[in-house]
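Let's take a walk through this model together, going from charged pairs to packing and then to a few backbone details. Have the structure open as you read.

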Amino acid sequence: LTSNCEWILEQFHTLFEEKIIQEVYKYGKNNDLSNKILKIFGHSIDLQPDFKLIVADSLNSFVWVGRGYPYRWLTLHKSRKDSYLDIKSSWEQLKNDFSQHMPKITISNYYQENDKASYGNNKIPIMRGIYEHSESDTGGPFFVYIFDTEQTNEVILVSGFVNNPGHEKILFLKQLEIMIK
């Protein structure tokens, strides 16, 4: 186990993600919505067929898609790269971005974590936290993947939000992360 621990964990995570992919896309993909996102961002994302468009703002490069209960939302928006270079400024900029695009969503100060995830041969910065949604008087966990672009001072942020009061949320978060990857 000692000499093969890393390989065993890698195999477990690979198989786990493959099972989630099968489950997420067992009814197909929402190609129409994916194509709308491609037109706005120049990048595509595969979505489950029951995802619906909530908000699209091509002038501000913002898209909010989601599905019903248990609520799972994904947002995509562009922001300034220099605002996401250090941890403190990245949380402040994220709060500003959310207040501009989704004014009823606020980020809680109780839990904020920065991490990195493997994406191909790259490590992608991830921010994880808790959000509150004033309109529904509820909230839950969220994450933000920060993708660098070829533009000089631009990143694309892809955020996932889960709301499932009183029930497990981790599997739904993993499903959203699979769609992003």
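Glu17 has a relative accessibility of 29% in this predicted model, so the residue counts as partly exposed. Its side chain meets that of Lys181 in a salt bridge, with 3.1 Å from N to O. The two partners come from distant parts of the chain: Glu17 sits in helix H1, Lys181 in the segment after H4, and 164 residues separate them. Lys181 is partly exposed as well, at a relative accessible area of 37%.

Arg80 pairs with Asp82, their closest N and O atoms being 3.2 Å apart. Arg80 is partly exposed at 45% relative accessibility, and Asp82 is partly exposed at 39%. In another pair, Arg128 and Glu177 bring their closest N and O atoms to 3.1 Å. Arg128 belongs to strand S5 and Glu177 to helix H4, so this bridge ties together parts that lie 49 residues apart in sequence.

| Salt bridge | N to O distance |
|---|---|
| Glu17 and Lys181 | 3.1 Å |
| Arg80 and Asp82 | 3.2 Å |
| Arg128 and Glu177 | 3.1 Å |

Is Glu177 buried or exposed? With a relative accessible area of 6%, under the 20% cut-off, Glu177 is buried. Glu177 is placed in helix H4, which runs over residues 170-180. Beyond its neighbours within four places in sequence, Glu177 is in contact with Phe143 and Tyr145 as well as with Arg128.

Now for the nonpolar packing. In soluble globular proteins, nonpolar side chains tend to be buried together. The largest nonpolar core here has 28 residues, and Leu47 and Leu74 touch the most other members. Helices H1, H2 and H4 each supply at least two residues of this core, and so does each of the strands S2, S3, S5 (122-133), S6 (138-148) and S7. H4 gives the largest share, 6 residues.

Which residues does Leu47 touch, not counting those up to four places away in sequence? Among them are Tyr25, Leu33, Ile37, Val65, Leu74 and Met179. The list also takes in Gly28, Lys29, Asn30 and Ser34. Apart from this core lies another, of 18 residues, including Phe62, Trp73, Ile105 and Leu157.

An α-helix has 3.6 residues a turn, so residues three or four places apart point the same way. Just after H2, Gly42 takes a positive phi of about 80°.

Phe12, Phe16, Ile170 and Leu171 make a nonpolar surface patch of about 390 Å². Helix H1 (5-24) and H4 each supply at least two of its residues. Leu171, found in helix H4, is partly exposed with a relative accessible area of 44%.

Two loops carry backbone features worth checking on screen. In the loop between strand S1 (52-57) and S2, Ser61 has a phi near 50°, a positive value in a residue other than glycine. Ser61 is buried, at a relative accessible area of 13%. Further along, Tyr69 and Pro70 are joined by a cis peptide bond, with omega about -10°. Pro70 is in the loop between strand S2 (62-67) and strand S3 (71-79).

One last stop is helix H3 (residues 87-101), the place of Asn96. Asn96 is partly exposed, with a relative accessible area of 45%. Asn96 and Thr106 are 10 residues apart in sequence, and their C-alpha atoms are 9.6 Å apart in space.

Conventions: Residues numbered from 1 in each chain as written. Predicted model: local features only at pLDDT ≥ 70, side-chain atom pairs only at ≥ 80, totals over all residues. Heavy atoms only, no water. Helix = DSSP H or I, 4+ residues; strand = E, 2+ residues; numbered from the N terminus. Buried < 20%, exposed > 50% of the residue type's maximum accessible area, 1.4 Å probe, protein only. Contact = heavy atoms within 4.5 Å. Patch = residues over 30% accessible without salt bridge, like charges linked within 9 Å, V, L, I, M, F, W, Y side chains within 5 Å. Areas by Shrake-Rupley, 256 points an atom, 1.4 Å probe, with all protein chains shown as cover. Salt bridge = Lys/Arg side-chain N within 4 Å of Asp/Glu carboxyl O. Core = buried A, V, L, I, M, F, W, Y, C linked by side-chain atoms within 4.5 Å.
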